[in-house]
Amino acid sequence: MVDPCPTSRLHLRLLLLLLLLIHLGIPASAIRVDVVRLASSPSRLPAFREAPAFRNADECSSPSSPRIEIAMTLDANYLRGTMAAVLSILQHTSCPEHVSFHFLAARSEPHVLASIRSAFPYLSFSVHRFDSSRVRGRISRSIRHALDQPLNYARIYLADLLPLHVFRVIYLDSDVIVVDDIRALWGVDLEGRVVAAPEYCHANFTKYFTDAFWTDPTLSRTFEERRPCYFNTGVMVMDVQIWRTGGYTRMVEDWMTVQKQRMRIYHLGSLPPFLLVLAGNIKAVDHRWNQHGLGGDNFEGRCRDLHPGPISLLHWSGKGKPWLRLDLRKPCAVDYLWAPYDLYRPSLPSLEEY
């Protein structure tokens with residue numbers, strides 16, 4: 001039953017609180033009570049500031065200036081990160097009006113869409129519904145609960161979700177900041193490969209799979225005739241046509257089925273099946289396009305420093321997210337690089353004492 005007069009009840013509670021504080025010997029002059037807002041309905045939360053209107057430079061009027069398609073997942077829990085990522089992309093590109101966003105969502109959340117429209121009135125974007133049932137029966141428990149969410153696997157189905165006119169797409173996680181012109185990443189020559197991404201061949205590749213995988217005589221031959229290297233699937237340029245015609249979705253699903261029904265061959269979420277299909281067969285991109293691991297490890301999210309070298313994209317992969325650490329007033333040094341792009345405007349009740 002809806003409270004017929006919630007505001008009056010709130011004022012009564014505040015009055016009782018004030019009388020209690022005075023009874024305890026705290027003078028009224030030492031108490032400051034700001035206006036306390038009632039809990040907002042989902043359609044009014046969260047609140048974000050409106051971003052500036054970014055316009056194309058003169059060079060973007062050339063007929064050869066491409067339209068850039070970017071795909072990201074859309075989740076209320078990560079919306080603050082998504083907003084910051086979008087702002088950073090638009091702010092640092094010369095042709096912001098040529099950037100289109102494709103948001104992949106597992107459910108209809110009108111308040112999330114309202115937040116995006118209010119923060120970016122001029123943004124070109126579309127929302128594509130991802131059916132979580134496609135992966136729910138294929139997901140096995142990983143080392144971190146967040147990695148087990150169905151939407152984390154939506155990137156596998158990009159070729160099915162995006163319109164047929166989209167031939168190439170940049171997929172980005174919601175915990176990234178782009179500090180360079182995204183057109184440089186868009187223009188990478190894939191050389192006939194299905195995916196381009198920064199590649200890390202110095203990493204201990206074996207740790208991404210279990211001993212059961214490496215000791216199985218059939219499975220251990222998976223990487224024969226290719227040099228497998230780690231790459232992070234949170235930043236990828238994908239040739240959508242090759243992905244469709246090559247049946248890559250089915251390949252990734254097959255490895256998830258092995259993990260779920262036959263034996264445990266990895267511990268992380270959607271990354272290992274990508275590695276099983278593509279590691280050693282992608283187009284390597286400069287490391288500047290994924291300064292990853294800034295969220296720390298998957299267990300505690302401890303602070304990490306930046307890697308040496310130039311930076312075009314910062315990625316808070318790992319457990320620690322910059323907006324959470326900033327709110328807790330326990331930020332890492334790298335989180336201050338994310339903060340300037342934060343559009344969040346707190347709208348929670350406040351009751352302060354002085």
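What is the pairing when the bonded cysteines of the protein chain are numbered in sequence order? It is 1-2, 3-4, 5-6. This is a predicted model, and the count comes to 3 disulfides. I will take them in turn.

Cys60 and Cys95 form a disulfide with the sulfur atoms 1.9 Å apart. The torsion about that S-S bond is about -95°, so the disulfide is left-handed. Cys60 sits in the loop between β1 and β2, Cys95 in the loop between α2 and β3, and the two are 35 residues apart. Cys60 has 4% relative accessibility, which is under the 20% cut-off, so it counts as buried. Cys95, at 1%, is buried too.

Next, Cys201 and Cys229, again with sulfur atoms 1.9 Å apart. Here the torsion is about 100°, so this disulfide is right-handed. The pair links the loop between β7 and α7 to the loop between α7 and β8, 28 residues apart. Cys201 is partly exposed at 31% relative accessibility, whereas Cys229 is buried at 2%.

The remaining pair is Cys303 and Cys332, sulfur atoms 1.9 Å apart. With -85° about the S-S bond, the link is left-handed. Cys332 is buried, at 1% relative accessibility.

Finally, the strands. β3, residues 99–105, pairs with β4, residues 124–129, in the parallel sense over 6 bridges. In β4, Ser124 is the bridge partner of Ser100. From β3 the chain crosses through helix α3, residues 110–119, to β4, and this β-α-β crossover is right-handed.

Note on methods: Residues numbered from 1 in each chain as written. Predicted model: local features only at pLDDT ≥ 70, side-chain atom pairs only at ≥ 80, totals over all residues. Heavy atoms only, no water. Pairing = 2+ DSSP bridges. Helix = DSSP H or I, 4+ residues; strand = E, 2+ residues; numbered from the N terminus. Right-handed = clockwise from strand over helix to strand, strands pointing away. Disulfide = S-S within 2.5 Å. Buried < 20%, exposed > 50% of the residue type's maximum accessible area, 1.4 Å probe, protein only.
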